[in-house]
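Hi everyone, thanks for making time. I'd like to walk you through one structure today, so please have a look at it while I talk.

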Amino acid sequence: MTPSDVKATLSFSDGSPSMELPIYQGSVGPDVIDIRKLYAQTGKFTYDPGFLSTAACQSAITYIDGDKGELLYRGYPIEQLAENCDFLDTCYLLLNGELPNAQQKQDFDRKVTNHTMVSEQMQFFLRGFRRDAHPMAVLTGLVGALSAFYHDVTDIQNPEHRATAANRLIGKMPTLVAMAYKYSIGQPYIYPKNDLSYSANFMRMMFATPCEEYVPNEVLVRAMDRIFILHADHEQNASTSTVRLCGSSGTNPFAAIAAGVACLWGPAHGGANEAALNMLEDIQKMGGIAKIGDFISQVKDKNSGIKLMGFGHRVYKNYDPRAKLMRETCHEVLDELGLQNDPLFKLAMALEKIALEDDYFVSRKLYPNVDFYSGIVQRAIGIPVSLFTAVFALARTVGWIAQLNEMIGDPEYKIGRPRQLFIGATQRDVKPMAKR
């Protein structure tokens, strides 16, 4: 961290001694006020629900400027990575800090590919779940169970263990997601085929059957790969912070990533694209495009309780930079599959048009976000809505691992221990039963 020449002074109106607080500068973005000695010197904590004004770590992985609509992985704009790199390039970048050269890419791709298979016992573990269980419930269990199958690399203080665990997680997540899907529909599991690309291999495991080989469509494979890249990391969000907090106790990487999967399941986080598709299906049931005006009126009515899902973003106060790329991909996929006239997709495009032109949405910057378009793309490819968040978890795994490894390598890291403002009862004595 780079100290700033500016210092902050905290003063109190009750005459308590003031305190000088150092300020540090990042390479880009807001400066931070160092409050680590606040409690020791004043006996006071800060209060920041949701940690909206608190930096809990220093990181060199991902930077977001919500006002500019900017997302950088290791300094590279997300637009350039999505246009010029594949997902495993992006994985290498997030884990190592630089894009790979030809030899490094070949070696890394081979290491990840060598870990695509999972233990045969995993299929017996799967049988313990109901077939109608939500895929995220299944995936949380499967990822957590990896530590029982691969307990030889669970020492997070060992860099070699961490590297092997990273390769295993990245390699096995597509297999686990596909297995969860196949189990839910009663089809046989499809083993990975390592001469295919990462994304093509995933799609084959999802859609092939023993009686009919799946031939990857390059347009769809590229769309899937782009979804993975755009969701690979997103700075200190809820699930990433969960992985860091869980990992700060010294737990193994598989357990920490399982905690991230569980957090991502929430509809306010990873479930947003699922919620967007469910919204479209609800409008379709109401009457589709003919009723879209009524739906928009309800959205504008604050008392209706109806929300426009897949539009706007908590972080991006301007346009979500991932949305533009996903919009292009969305139209490429619909054109490739001839789905422009599918009723649900026509409804989605009509809703997009209104949101981009209606002053109510434009003035509030409620533009379609990445979840809106990625949900449409995944449905077009054939991925069921219930599996959307599991695909998100697959993509985000590399970001979680990179963040976890960075935290462990930080000499200043400590076990997470948030404070509280206690508002409960003060100390009191237990009364006998007759006097309660």
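Let me start with a question: does Glu406 count as buried or exposed, and why? Before I answer, keep in mind that this is a predicted model. Glu406 counts as buried because its relative accessibility is 19%, and the cut-off for buried is under 20%. Glu406 sits in helix H18. What does Glu406 touch, once we leave aside its neighbours within four places in sequence? The contacts are Gln58, Ser59, Ala60, Ile61 and Arg244. Take Ala60 from that list: Glu406 and Ala60 are 346 residues apart along the chain, yet 8.4 Å separates their C-alpha atoms.

Now to the strands. Three of them make an open sheet, in the order S1-S2-S3, with antiparallel pairing. At the edges are S1, residues 2–10, and S3, residues 32–33, each of which pairs on one side only. Between S1 and S2, which covers residues 19–25, there are six bridges in the antiparallel sense. If you want a spot to look at, find Lys7, which stands opposite Pro22 in S2.

There is also a hairpin, formed by S4 and S5 with four residues between them. S4 spans residues 62–65 and S5 spans 70–73, and four bridges join these antiparallel strands. Ile64, for example, has Leu71 as its bridge partner in S5. In the turn, look for Gly69, with a positive phi of about 70 degrees. In a regular strand, side chains alternate between the two faces of the sheet. So which residues of S4 are buried on each side? Thr62 and Ile64 are buried on one side, and Tyr63 and Asp65 are buried on the other, so both faces of S4 are covered.

Next, helix H12, residues 272–286. Its 15 residues reach 21 Å from first C-alpha to last, close to the 21 Å expected. Among its buried residues are Ala272, Leu277, Met279, Leu280 and Ile283. Which helices do the buried residues of H12 pack against? They are H13, H15, H17 and H18.

Let's finish with the spaces. The second largest pocket has a volume of about 350 Å³. It is lined by 14 residues, and those closest to its centre are Leu95, Asn96, Phe108, Ala163 and Asn167. H3, H4, H7 and H18 each supply at least two residues of that lining, and the largest share, four residues, comes from H4. By class, the lining of this pocket has six nonpolar, four polar and four charged residues.

How many cavities of 30 Å³ or more does a search of the whole structure find? Two. The largest cavity holds about 40 Å³ of space. Its lining includes Arg162, Leu169, Pro253, Ile257 and Leu404, and H7 gives the largest share, four residues. That lining has seven nonpolar, one polar and one charged residues.

The second largest cavity also has a volume of about 40 Å³. Among the residues lining it are Arg130, Arg131, His134, Val138 and Tyr183. H7 gives the most here too, with three residues, and both H6 and H7 supply at least two. By class, this second lining divides into five nonpolar, two polar and two charged residues.

Technical notes. Residues numbered from 1 in each chain as written. Predicted model: local features only at pLDDT ≥ 70, side-chain atom pairs only at ≥ 80, totals over all residues. Heavy atoms only, no water. Pairing = 2+ DSSP bridges. Buried < 20%, exposed > 50% of the residue type's maximum accessible area, 1.4 Å probe, protein only. Expected span 1.5 Å × (residues − 1). Contact = heavy atoms within 4.5 Å. 1 Å grid on protein atoms, 1.4 Å probe; cavity = no way out; pocket = protein on both sides within 12 Å on 5 of 7 lines; lining within 4 Å. Points joined across faces, edges and corners; volume = space filled by probe spheres on them. Nonpolar A, V, L, I, M, F, W, Y, C, P; charged D, E, K, R; others polar.
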